[in-house]
Amino acid sequence: MIAQAIADGILTGAIIALGAIGVTFTLGIMRFANFAHGELLTWGAYTALIVVAFAGPGTPTGPLSFGWQLLGAALVAAAMTGLAAWAIDALVFRRLRRRGAMPLTMVFAAFGAALVMRHLIVLVWGHESRYYTRELQIAVELLPGVRVLPDQLFILGLALAAMLALHVFLTRSRTGMAMRAMAESPVLAQVCGVEVDGVVRLTWIISGALAALAGVFTGLTPQIHPEIGFNLLLSLFAAAILGGTGSLAGAVAGGFLVGLAESLALLVVSPGYKGAMPFLLLLAILVMRPQGIFGDRA
Amino acid sequence: MLHGVSVEVDRGEIVTLVGPNGAGKSTLLKAIAGLLACEGGQVRLDGRDVTGLPAHEAVASGIGFVPQIGNVFTSLTVHENLTVGAHIIRGSLNDRLERAYTVFPPLSSRRRLRARTLSGGERQMLAIARALMTAPGLLMLDEPTAGLAPLVVEEVFRRLRALAQEGIAVLMVEQNAKAALRVSDRGYVLAEGRNRFAGSARALIDDPGVAEAFLGGRPLSARPPA
């Protein structure tokens, strides 16, 4: 039982981590809590659905329920959602930033943007659940008593690869270093010749792309509906804050911890309380270690 | 707020701005660096008008700035700090990095360490080395010796002197006015956002009015021998 719960927690944790990276970047670089981030997951999931509608999910490859077409759809969704995130910044957040808006104004604007984004999805696709593929999958027994779907393992691998790629980008490339510099001190970064607008643009594109992957992965296991992103929002914030704002390693560790906490909690409380777990974790972090596990800002 | 302040720095000289808190010294540096908008006035560098350039373009035009607080990225390594310092430079940074490590040897052995682990003096060296990565014609420093131990203060001033000798124009703001003026060629005294005195560093140290009002005491030369 516990082993299965841990396996489930790791699998959802990877998806939460992908989404939390975007949240932590917006917190660290744009310095506001983007409550519309969950909708980027939803947008990503539905963008992939459009591609799948045209290209099909592909013939199942090996033990997986989908073929390469779905991977292509995920990549298209990542690119499109990255651009969408940037466009939303240009339409909403950048205008407010230029006017020197207070963080609270930004938060409310994000709520507004979230509602508009979610209802655009409902307008086009309606409330009913949709599926990328209706192929049935048989869970494989990894360890005695631990069963996972091949899709889930594949997703875990892809998610880890995306995080590793981002880590290499942030630590090895000059643009990545400039992003981390901007997250720590925008003024000093400007003095170094880093252009704020460029870093902001890149931050949105990366956040949106990773959110889209998280959305597609959530939709694969097993369905898509207009609230998939919104339902994850609290977990994303709990993970970002748990890890410490602005920290990639923090968001990843936070994501896995939140995923584990949620699935382990199911062993002792009824599933109805699952949604309360991120709240409880968040409260515990804020009381005990407000700067997060990896945070250095007091 | 500044009113009709005029400051000039030639290549190869150190110029220090002194004056009480709130005199507008830091404001002046930030305005030149492009961090604050100017309502009027002009910034000229080697005859080019660089007024009102945003900070990232001011760097490209040859202005290096070391702010007073938060002048290194503590979460980045020494090496990454220097790399970000050269953000506007395209192509390989190897030569510039090697040069920085040659000029500031203590940084070389710490290149893989995060800047938060450095001592105060090492941080200041890193901050200066970072600003020098773009080979600026004008280097501006806001309180470069604030909070440093006396021996380190001397070390920082000695390095600034050496930089000036290489032909860089150095403009600094210092609370530690007397010590700063001793290594400077010229100085300006700012008060309430205006130029109050200007002259050679020696003359400012010796001026009874300046000494009384801004340097905390009687002029050095008027002191009876001990």
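Helices (H or I, at least four residues) and strands (E, at least two) are DSSP runs, numbered from the N terminus. The structure is a predicted model, in which local features need pLDDT of at least 70 and side-chain atom pairs count only at pLDDT 80 or more, while totals for chains, interfaces and linings use all residues. Residues are numbered from 1 along each chain as its sequence is written, and chains are lettered from A and ligands numbered from 1 in the order in which they are written.

Chain A contains 11 helices and two strands, arranged from the N terminus on as α-α-α-α-β-β-α-α-α-α-α-α-α. The radius of gyration of chain A (taken over C-alpha atoms) is 19 Å, close to the 19 Å given for 298 residues by the globule rule (2.2 Å times the number of residues to the power 0.38), so chain A is as compact as a globular protein of that length. Along the principal axes, the C-alpha atoms of chain A fill a box of roughly 55 × 45 × 35 Å.

Within chain A, helix H1 (residues 2-30) packs with helix H2 (residues 37-55) at an angle of about 140°, the axes being 10 Å apart. Axes are lines fitted to C-alpha atoms, for helices over the stretch in contact, and angles run from 0 to 180 degrees between N-to-C directions. H1(A) is therefore oblique to H2(A), where angles under 35 degrees count as roughly parallel, over 145 as roughly antiparallel, 65 to 115 as roughly perpendicular and the rest as oblique. To this contact (C-beta atoms, placed from the backbone, within 7 Å), H1(A) contributes A:Gly19, A:Gly22, A:Val23 and A:Thr26, and H2(A) contributes A:His37, A:Leu40 and A:Leu41.

In chain B, six strands form an open sheet of mixed pairing in the order S4-S5-S6-S1-S7-S8; two strands pair if DSSP finds at least two bridges between them. Strands S4 (63-66) and S8 (194-200) of chain B stand at the edges with a single partner strand each, so one side of each lacks a neighbour in the sheet. Neighbouring strands of this sheet are turned by 15° against each other on average, direction ignored. Strand S1 (residues 14-18) and strand S6 (residues 169-173) of chain B pair in the parallel sense over four bridges, and B:Leu17 has B:Val173 as its bridge partner in S6(B). Helix H6 (residues 120-132) of chain B lies across S4 and strand S5 (138-142) of chain B, running at about 165° to S4(B).

Between the chains, 21 residues of chain B are in contact with 16 residues of chain A. Helix H2 (55-60) and helix H3 (78-85) of chain B are the elements that give two or more residues to the side of chain B that touches chain A.

Technical notes: Contact = placed C-beta atoms within 7 Å.
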